[in-house]
Amino acid sequence: MGRPKILVVEDNAADIELLRFALDRQGDYELQVLEDGEEALRFIAEHRAGIHAPDPCVILLDVHLPKYDGLEILDALKEAPALNHIQVVVLSSASPPEAQAEIQSKGALYRTKPVTLKHFLELGAEIFALCKDPVLA
């Protein structure tokens, strides 16, 4: 399979570093970080134009982002033929059940944002497992 490429759309620097720490425990990977919704929409537009390759094996998407929220990004990802096959994991520290159901209805996995190192490590393991065996809705 080679080195998995993981895309993270997250504006919290501490969460990004904890995620890197967790992923480092899983193996070799390539991590691309986008820090706001505008960067994510630009990535999607560039991907449609064939600028980005290879595809990430998984996209981790925060719900609460500057400029555009995660649900808007999720919609754009699912409407992009070049990207809609990629497993998206939406992370949120607090989302009502209706939002969770909406996320899942769009084919993404919903996960509560980790708050402990143990939970970040578990998320890192899950991400690597998704890269090997995607769970597409």
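User: Where is Ser92 found, and is Ser92 buried or exposed?

Analyst: Ser92 is found in strand S4, where helices (H or I, at least four residues) and strands (E, at least two) are DSSP runs numbered from the N terminus. Buried means under 20% relative accessible area, exposed over 50%, and partly exposed in between, with a 1.4 Å probe and protein chains only; Ser92 therefore counts as buried, at 0% relative accessibility. The model is predicted, so to speak of local features pLDDT of at least 70 is needed and side-chain atom pairs count only at pLDDT 80 or more, while totals for chains, interfaces and linings use all residues. Residues are numbered from 1 along each chain as its sequence is written, and side-chain values use heavy atoms, with hydrogens and water left out.

User: Which residues is Ser92 in contact with, leaving aside its neighbours within four places in sequence?

Analyst: Contact means heavy atoms within 4.5 Å. With those neighbours set aside, Ser92 is in contact with Val63, His64, Tyr110, Arg111, Thr112 and Lys113.

User: How should I read a strand such as S1, and which of its residues lie on each side?

Analyst: In a regular strand the side chains alternate between the two faces of the sheet. In S1 both faces are covered, with Lys5, Leu7 and Val9 buried on one side and Ile6 and Val8 buried on the other. S1 and S2 run parallel and are joined by five bridges, where two strands pair if DSSP finds at least two bridges between them. Within this pairing, Val9 stands opposite Leu34 in S2.

User: Why do the buried residues of H1 line one face of the helix?

Analyst: An α-helix has 3.6 residues a turn, so residues three or four places apart point the same way. In H1 the buried residues are Asp15, Ile16, Leu19, Ala22 and Leu23. Seen down the axis of H1, these residues fall within an arc of 125°, so they line one face of the helix, the arc being that of the directions from the helix axis to the C-beta atoms. What covers them includes strand S1 (5-9), strand S2 (30-34), strand S3 (58-62) and helix H5 (117-132).

User: What span should the twelve residues of helix H1 have?

Analyst: The expected span of a helix is 1.5 Å times one less than its number of residues. For helix H1 (residues 13-24) this gives 16 Å, and its end C-alpha atoms are 16 Å apart, which agrees.

User: Which residues touch the most other members of the largest nonpolar core?

Analyst: A nonpolar core is a set of buried Ala, Val, Leu, Ile, Met, Phe, Trp, Tyr and Cys residues joined through side-chain atoms within 4.5 Å. The largest one here has 23 residues, of which Ile44, Leu61, Val88, Val90 and Ile103 touch the most other members. Two or more residues each come from S1, helix H2 (37-48), S3, helix H3 (70-79) and strand S4 (87-92), and H3 gives the most, with five residues. Not counting residues up to four places away in sequence, Ile44 touches Ile73, Ala76, Leu77, Ala80 and Leu83. A second, separate core of 17 residues includes Leu31, Leu91, Leu123 and Cys131.

User: Where does Lys67 lie, and what is its phi?

Analyst: Lys67 lies in the loop between S3 and H3, and has a positive phi of about 80° although it is not a glycine. With a relative accessible area of 57%, Lys67 is exposed.
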